Amino acid sequence: MDILRSVHAVATASGDGTGTGAIDWVAVADAAKNVTDPGDIALSDADREGYATDVRDARRRLRDVGDVEFDLPDTVEVQSRHHWIDANIRTFERVMRPIEERGRVTLPGVTRVVNTGTMAFMLSFLGKNVLGQYDPLLLAEDDEEHGLYFVHPNIVAASESLDVDLDRFRRWIAFHEVSHAAEFGAAPWLSEHLETRMQDGLDALADGQFDREAFSDLDTAMTAVEGYAELLMDRAFDEEYEDLREKLDARRKGGGPVARLARRLLGLGMKRRQYERGARFFETVADERGVAAASTVWERPENLPTEEELENPWKWIARVNPESRL
C-alpha cells in the first residue's frame, strides 16, 4: 500500500489530466489500489476444488428447491482485491456517466479532485470488504456477460476474524451469490427492468431533479431481489448457518467512525433493510404457498411485489398466486 501515491493520484485529477469529466477514473483506480493490499490468491488444489464444488452444488440445490431453471455465468472468477476494483470501476463509471455528461458542475477542477477522491475511497473500502458478488453488469453493452466473483483474500480474512471454518464459510458465500444468479437467470427481463428504472433516476439527477417514482421502483425491485435470495439460501443451504449470519452482521456493524461513515455513504444499511424486509415477504409466501409459488415472482415484471404488498404478502398472493397450494 502506498498512501502518498494514492494522494498524488487524486490530487493530480485536476481537470486538465486524463479526460474532462467530473471524475478521473484512471486516477480513481490508481488511488484505490494504492491503498489496498491486493491479497494472496495463490490457491491450493483443495481451494480450487472447494470453490468449484460449492458453486456446482449451490446451482443444483437452488434449482431443486426453488423450482427455477438457470445457468451460471460464463465468467466465474476467484479474485484479489485489485481484480475486484478493476471489475467494478467499470460499473461505477457506467452508472455515473449520465451525471458526468449532463450534470452542472461548478469549479470543475476542484470538483473533479473531490469526486475522484470520494470514488477512490468508496472502491477501496468495498474492495477490502466484499466477499462475493454476482455482477449483472447493469448498463453494460449487450454482448457483455454477467459475472460471478469471489474475493478470496477477504473470505479468508473474514473467516479468521469471525473464528469460523473457512470451507463452511466459503460454501455459505457461494450459495448466497449463486442465489442471485438464479434470480437473473430465471428472469431474463430483470436486468433491463432494473436498468430502465436506474437510467430514469440518473437522467433526472443529471437534470437537477429527483425522480422519486423511479428510485422507489428500484428500491422495491431490489428488495425483492435481496429477499428472494435470502429465502433460497435459507431453504437450500445444507446446514444451519445462523451463527455465520450473526457473526457477520456484528462485524459489519463494528469498526471505527471511518468505517461507519463509509457504510452510510454506500447505503449498506439500506441494503441490509432490503434483505430483512424482502426475506419477511418471501418467507410468508413460501410458508403459505411453497417456494415454487414464491419463484413465480420472476415470471414477468408484473409479478414483482408493490410497496404495499411487501408489507402485506397476502395481497401479493391474492393477486399473483390465488390458486397455488402447498
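**Aromatic pairs and a helix face**

Me: In this predicted model, how are the rings of phenylalanine 175 and phenylalanine 237 arranged, stacked or edge-to-face?
Reply: The structure holds 10 aromatic pairs, and phenylalanine 175 with phenylalanine 237 is one of them. Their ring centres are 5.1 Å apart and their planes stand at 80°, and planes over 60 degrees apart fall in one class, so this pair is edge-to-face.

Me: How many residues apart in sequence are the parts that this pair ties together?
Reply: Phenylalanine 175 belongs to helix 7 (residues 166–186), while phenylalanine 237 sits in the loop between helix 9 (212–236) and helix 10 (242–253). The pair therefore ties together parts whose separation in sequence is 62 residues.

Me: Is phenylalanine 237 buried or exposed?
Reply: Buried means under 20% relative accessible area. Phenylalanine 237 has 6% relative accessibility, so this residue counts as buried.

Me: How are the rings of tyrosine 228 and tryptophan 298 arranged, stacked or edge-to-face?
Reply: Tyrosine 228 is buried, and so is tryptophan 298. With ring centres 5.5 Å apart and planes at 85°, the pair of tyrosine 228 and tryptophan 298 is edge-to-face.

Me: Where do the buried residues of helix 15 lie, on the same side or on opposite sides?
Reply: In helix 15 (residues 313–320), the buried residues are Pro313, Trp316, Ile317 and Val320. Because they cover an arc of only 100° around the axis, these residues of helix 15 lie on the same side.

Terms used:
Residues numbered from 1 in each chain as written. Predicted model: local features only at pLDDT ≥ 70, side-chain atom pairs only at ≥ 80, totals over all residues. Heavy atoms only, no water. Buried < 20%, exposed > 50% of the residue type's maximum accessible area, 1.4 Å probe, protein only. Helix = DSSP H or I, 4+ residues; strand = E, 2+ residues; numbered from the N terminus. Arc of directions from axis to C-beta. Phe/Tyr/Trp six-rings, centres within 6.5 Å; stacked < 30°, edge-to-face > 60°.
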